[in-house]
Amino acid sequence: MKLTDSVTAIPLIGEKYQKLLNKLDIKTVEDLLYHFPFRYNDFSNIKKISELLVDETATVYGSIESIKNIFTKNRKKITKAMLTDETGKMELVWFNQFFLTKSIKAKSSVGISGTVENMDGKLAFLSPEYEIVKGQTPTHTGRLTPVYPETRGITSKWLRSKIKKTLDFYKEADIEFLPQKILKDRNYPSLNTSLNFIHFPNSQKDIEQSLKRFGFEELFLLNLKSQQRKKSWQGRELAQKIDLPQNIKKTVDTFVQKLPFKLTNAQTKVSEQIINDLTKLKPMNRLLEGDVGSGKTIVAAIALLITALNKRQAILAVPTELLAAQHYTTLTNLFEHFGIEIGLLTSSKKINNQSCQILIGTHALLYSKINLQNLALVIIDEQHRFGVEQRAKFLQTIETSKTPHLLTMTATPIPRSLALTIYGDLDLSVIDELPKKRKKVTTWLVPSKKRDGAYNWIKEKIAKERAQVFVVCPLIEESEAESMRNVKSAKEEYEKLKKIFSDFSVGLVHGKVKTKEKDKIMQDFKEKKYDILVATPVVEVGIDIPNASIIIIETAERFGLASLHQLRGRVGRSGIKSYCLLFSDSFYASQNRLKYMAEIHNGIKLAEIDLKFRGPGDAFGTHQHGILKLKVADIFNTKLLAESKDYAENYYKNLDKHPKLKNKLQQSTKISVSPN
Ligand code: ADP
Ligand code: MG
C-alpha cells in the first residue's frame, strides 16, 4: 500500500466508504492520515469506580456484567449496561444505539470514557465512548482521544480505528520526505512520529510538536510550489509585445488628467509597476491587491487602454454577470473618445464578442470559442471568487503556445508576508491607500429589539436626504454560485421590506435574475429609481453605486469579518456620509466579534481578528481566510512564513538532490491555493 493509493487500498474500505470519505475530501491513504483532529477529548484520567466523582471526565476499565436494549414508556430506544470493577458497579446508558448489544456482550472487558453523571442518586455514564479491551493499547479510551471533522456515516470512532491501523501498517516504513537536515536543524519529529503524535498523543506536548512540524511542512510545500510555478512562468514566451511610444504615453497621460478625480499615490505607483511589466519581453504575472473601493478598476483601465492603443487585444474576466455589465458600462464611458471596440460575453449576453479589442466576460469566456488573434493582456478581477479549477481552466484556454500578460486583482486582505508565500510566483502590487474623499462608514450593531427603530431612522434618511439603501439578505448557504436557498430568502426579505417601506420603492436583485433585467435593475438603482435594493450576499462582488450611503446586512453573525468589510465597502464610495447596520438576532452571542466592525476599518486587521475568534474549539481546524485554507499553519505567523520561504528557495535550487521531496511536490495536487 502506497500513501498515494486510493483509500480503497485500506482493508475494509470499499466503494461505499470511499464515497463517504470523498465528502471529507479524503481520496488517498495519505489524505486519511492528514485528516487531522480538530480537538481531543481528555480521557486520560483513569479511575476505579469507587473513586469517581460526579461531573468529572474519566475512564474506567472493567467488565460488562449485563447489557440489554429497552424501550422507555415514550418509546425511546435505550441500551443499558452494568459495568463492574473490583471496587463497585455503575450503570451505562446509550440512546438510540440498539446495535451496541452486537459488539458489547456480557462479560466483555471494556474501557469506558465519558463524563460521570448523577442518575437518581447513583453514578452513571451517559453515551460514553467504549472499546473492547483485548490487551491492545487503547485507541478510544484512557487517553487523549482525537475528535475529527465527521460526515454522515463516518464517525470519529471509525476514523480513529482506520487511522490507527494505517499508521501501524507504516510503522517501519520510511515515509519521510522532508530533508533530514531540516528536521535536525529545526528539531522536528519525523513524519511517522508526527502523525502518531497528532492522532494519538500521549501529552499536550506531543500535539504541539507535531503541529510545529506540520505547520512548517505546509508552508514549505506551498513555497516550493510557488517556486515551481514561477520557474515555469518565466520560461514562457510572450504572446504580443506592447510598446509605450511618446504618442501613446501622451494619450494615456491625457486620459488620466481628464478623470473626474486625481489618482491616489498608490494608484499611480501600481500603474507604473504594471506599465513597466507590460512593456517587457517577458509575460507579466502580477497580483494587484487593494481593499474594496481602493480604485483597482481605473488601474486596470489604464493597462487596457495601453494595450488597445497598441492595436492589441485584452480580456477582462470577472466572476459575476452583474460585474461584467458594470465594467462594460464603466469602460465604455471611460473610452468613449478613443474609438476602442469593447465587447461583452456572458452566458446570457453577447456584444461584439468577436471583433472587439477589449472583451469583458464571465466564466462564459471559458466555454465559448473566443478567437482573439492579438491577445496581449488578460486581467482577472476579484480572482478569489473564481473557483480554483475555473482559474486553471481559464489559463489553459487562453494559453496558446505563447502567453499573454496576466494581471490578477483581488480585494482579499492578505498580509504581505503571506501573499509572498502563496503567491510567491507572482509579483505583488498593493494599493495601500483609499481615495482621500472617502469617509469611514459608521457602523452599528443592531439587535432585534432595535430593528424597528432602525427601519424608522432609514425611512427618515430616505425621505429627507434621498439616501439609497442596500439590504443584503440573510446568508443561508455559503457557496461560490448562488444557491436556490439564498435566492428564496432574498425573495422573502424583499416581500417583507416592501410592506415595511410601503411609501418607498424597493428593488430586488439576485443571481437567478436574467442579465438583461439585472442590468436594468442596477441601472435603475443608480438613477435613483429605487430607494432600497434588496440583494443576495453574492452582490458583494465589486458593485459600484456611488450614491448608496446605507447598507443593512442581515444575519451579520454568519459572515466573516473580512466579508462584512467587503460588503460594507459597497457604500461610502463618493464622500456622502455613510452607514452600515449589522442586523443580528443572536446579537449577544455575536456582539464580541461584530463589535470590531465598528472600530476597525482595515480588511487585514479584521481578518486577523476573525481568525483569533475562531480559535478556541477550532484550535487548529481549517484556518479559513477568504480563499486560503491552511490546515495547520497560522497564516499570521510572519516569522515562519519568512523562514519556510527561505528554505524553499534554497531547496528548490537543489531539488534533484532530494528525490523524495521532489516526488512529493510532483504528486501533491492539494498544495496549491494560488490563482494559477
Ligand atoms: P475596487 O478597488 O473595489 O474595485 P473601484 O475601482 O470600483 O474599487 O472604485 C471605487 C470607486 O472609487 C469608483 O466609483 C471609482 O470611480 C472611485 N475612484 C477610484 N479612484 C479614485 C480616486 N483616486 N479618487 C476618487 N475616487 C476614485
Ligand atoms: Mg473592483
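Two strands pair here if DSSP finds at least two bridges between them. Helices (H or I, at least four residues) and strands (E, at least two) are DSSP runs, numbered from the N terminus. The model is predicted: local features need pLDDT of at least 70 and side-chain atom pairs pLDDT 80 or more, while totals for chains, interfaces and linings use all residues. Residues are numbered from 1 along each chain as its sequence is written, chains are lettered from A and ligands numbered from 1 in written order, and side-chain values use heavy atoms, without hydrogens and water.

**Stop 1: the six-stranded sheet**

Select E17 to E22. These six strands form an open sheet with parallel pairing, in the order E17-E22-E21-E18-E20-E19. Strand E17 (442-447) and strand E19 (506-509) are at the edges with a single partner strand each, so one side of each has no neighbour in the sheet. Neighbouring strands of this sheet are turned by 20° against each other on average, direction ignored; axes are lines fitted to C-alpha atoms, for helices over the stretch in contact, and angles run from 0 to 180 degrees between N-to-C directions.

**Stop 2**

Colour E22 by accessibility. Six of the six residues of E22 are buried, so the strand is largely enclosed by the rest of the structure. Buried means under 20% relative accessible area, exposed over 50%, and partly exposed in between (1.4 Å probe, protein chains only). Tyr 579, Leu 581 and Phe 583 lie on one side of E22, and Cys 580, Leu 582 and Ser 584 on the other.

Turn to the pairing on either side. E17 and E22 pair in the parallel sense over six bridges, with Pro 447 opposite Ser 584 of E22. E21 and E22 are also parallel, over four bridges, and Ile 550 has Tyr 579 of E22 as its bridge partner.

**Stop 3**

Select strand E18 (residues 468-472) and strand E20 (residues 532-535). Four bridges join these parallel strands, and Phe 470 stands opposite Leu 533 in E20. E20 also pairs with E19 in the parallel sense, over four bridges. Which residue in E20 is the bridge partner of Gly 507? The partner is Leu 533. Along E19, Val 506 and Leu 508 point one way, Gly 507 and Val 509 point the other way, and all are buried.

**Stop 4: the eight-stranded sheet**

Move to E9 to E16. This open sheet of eight strands has mixed pairing and the order E12-E11-E13-E10-E14-E15-E9-E16. Its edge strands are strand E12 (349-351) and strand E16 (427-431), each pairing on one side only. Neighbouring strands of this sheet are turned by 20° against each other on average, direction ignored.

Within the sheet, strand E10 (residues 313-317) runs parallel to strand E13 (residues 358-361), joined by four bridges. Ile 315 stands opposite Leu 359 in E13.

Helix H10 (residues 296-309) lies across strand E9 (285-290), E10, E13, strand E14 (375-380), strand E15 (405-410) and E16, at about 170° to E14. Helix H11 (residues 321-334) lies across E10, strand E11 (342-346), E12 and E13, at about 175° to E11.

**Stop 5**

Two packed helices are described by the angle between their axes and the distance between the axes.

Select helix H7 (residues 204-234) and helix H21 (residues 638-653). Their axes come within 8 Å and cross at roughly 50°. H7 and H21 are therefore oblique to each other; angles under 35 degrees count as roughly parallel, over 145 as roughly antiparallel, 65 to 115 as roughly perpendicular and the rest as oblique. H7 passes H21 in a right-handed crossing (the near helix is turned clockwise from the far one by less than a right angle; anticlockwise is left-handed). Residues in the contact include Phe 216, Leu 219 and Phe 220 of H7, and Leu 641, Tyr 647 and Tyr 651 of H21. The contact divides into ten nonpolar, five polar and three charged residues. Ala, Val, Leu, Ile, Met, Phe, Trp, Tyr, Cys and Pro count as nonpolar, Asp, Glu, Lys and Arg as charged, and the others, Gly among them, as polar.

Finally, select helix H6 (residues 191-199) with H7. The axes of H6 and H7 come within 8 Å and cross at roughly 125°, and the crossing is left-handed. Among the residues in contact are Leu 195 and Ile 198 of H6, and Ile 207 and Phe 214 of H7.

How values were computed: Contact means heavy atoms within 4.5 Å.
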